[in-house]
Amino acid sequence: MMGSNQPHVVGFCGSLRNKSYNRSLLLHAASQLPENYRFTLADISGLPLYNEDLERDLPQSVRDLAELAKSADAFLISTPEYNFSIPGVLKNALDWLSRKNVDTPLALKPVAVMGATQGMFGTSQAQVHLRELLYALNMSLVRRPLVLVGQVQEKINADGQVTDEMTKQFIGQLIDNLVKEMEQNK
Ligand SMILES: Cc1cc2nc3c(=O)[nH]c(=O)nc-3n(C[C@H](O)[C@H](O)[C@H](O)COP(=O)(O)O)c2cc1C
């Protein structure tokens, strides 16, 4: 259900790095959303490592993230690949949000994924893992296009602007498909 007439997309970045290419991709993708859409980049840097014992008295950072996720109509993820998988920080955030005690705010909502690496393969292996994980979370995955941005250092400039036309086209298609999925999910 879309919460209001201003649909809200929440972004997760798998990298905490200050100059993260993946964060630049997310911000570019957000700029392609329709004008009446709202985008918020989630801060997952302060979450404790998941521990069931902490559920007895949920940390404020987890409560805040869960509230943000509840307010979302859809999600957009951009992540690097770490050792052929997704970074632990992203898995940790998704694990916290998968729990019933925060009302499983991800389930059934649309999600689109992208990824960038400086190597050739643009997160192809990490995205296989991420797509499986989103299936476990019962999210509604936007399956295409695959946005696998290899050699990203040649496609995003020092100011964080995406300069590569092909990358912009793929992201544009992904956002179009996410918006369609959100319309259908209303
Ligand atoms: C711990 C670690 C493991 C990595 N493993 C891979 C990998 O398996 N495949 C790959 O293409 N790049 C790998 N990289 C390189 C990252 O994809 C690259 O640093 C990327 O720019 C990080 O994304 P960011 O710019 O958003 O921080 C790894 C980097 C780190 C720090």
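Guide: Let us begin with exposure, where buried means under 20% relative accessible area, exposed means over 50%, and partly exposed lies in between, with a 1.4 Å probe and protein chains only. This is a predicted model, in which local features need pLDDT of at least 70 and side-chain atom pairs count only at pLDDT 80 or more, while totals for chains, interfaces and linings use all residues. Residues are numbered from 1 along each chain as its sequence is written, and side-chain values use heavy atoms, with hydrogens and water left out.

Visitor: Why is E67 called partly exposed?

Guide: E67 has a relative accessibility of 48%, and because partly exposed covers what lies between the buried and exposed limits, E67 counts as partly exposed. K70, with a relative accessible area of 35%, is partly exposed as well.

Visitor: What makes E67 and K70 a salt bridge?

Guide: A salt bridge is a side-chain nitrogen of Lys or Arg within 4 Å of a carboxyl oxygen of Asp or Glu. The closest N and O atoms of E67 and K70 are 3.4 Å apart, so the pair meets that definition. Both residues lie in helix α2 (residues 60-70), three residues apart, about one turn of the helix; helices here are DSSP runs of H or I with at least four residues, strands are runs of E with at least two, and both are numbered from the N terminus.

Visitor: Which other salt bridges can you point to?

Guide: The structure holds eight salt bridges, and one of them joins the side chains of K168 and E165 at 3.6 Å, N to O. K168 and E165 are three residues apart in helix α5 (residues 165-185), so about one helical turn separates them. Elsewhere, salt bridges that share partners join E52, E55 and R99 into one network.

Visitor: Why is W96 called buried?

Guide: W96 has 1% relative accessibility, and therefore it counts as buried. W96 lies in helix α3 (residues 88-97), where the buried residues are L90, N92, A93, L94, W96 and L97. If contact is taken as heavy atoms within 4.5 Å, then W96, leaving aside its neighbours within four places in sequence, is in contact with residues including L47, P48, Y50, L58 and V102. The buried residues of α3 pack against β1 (8-13), α2, β3 (74-79) and α4 (124-136).

Visitor: What makes the contact between T167 and D164 a polar one?

Guide: A polar contact is a pair of N or O atoms within 3.5 Å; within protein, one must be able to donate a hydrogen and the other to accept it, and residues adjacent in sequence count only if both atoms are side-chain atoms. The side chains of T167 and D164 are joined by such a contact at 2.7 Å. T167 is found in helix α5 and has a relative accessible area of 6%, so T167 is buried.

Visitor: Which residues surround the ligand?

Guide: Taking a residue as near a molecule or strand if one of its heavy atoms lies within 4 Å of it, the residues surrounding the ligand include S15, R17, Y21, E81, N83 and F84. A backbone N or O atom of Y21 lies 2.9 Å from an oxygen atom of the ligand, and a nitrogen atom of the ligand is 3.0 Å from an N or O atom in the side chain of E81.

Visitor: Why is N83 called exposed?

Guide: N83 has a relative accessible area of 79%, and therefore N83 is exposed. N83 lies in the loop between β3 and α3, and its phi is near 50°, a positive value in a residue other than glycine.
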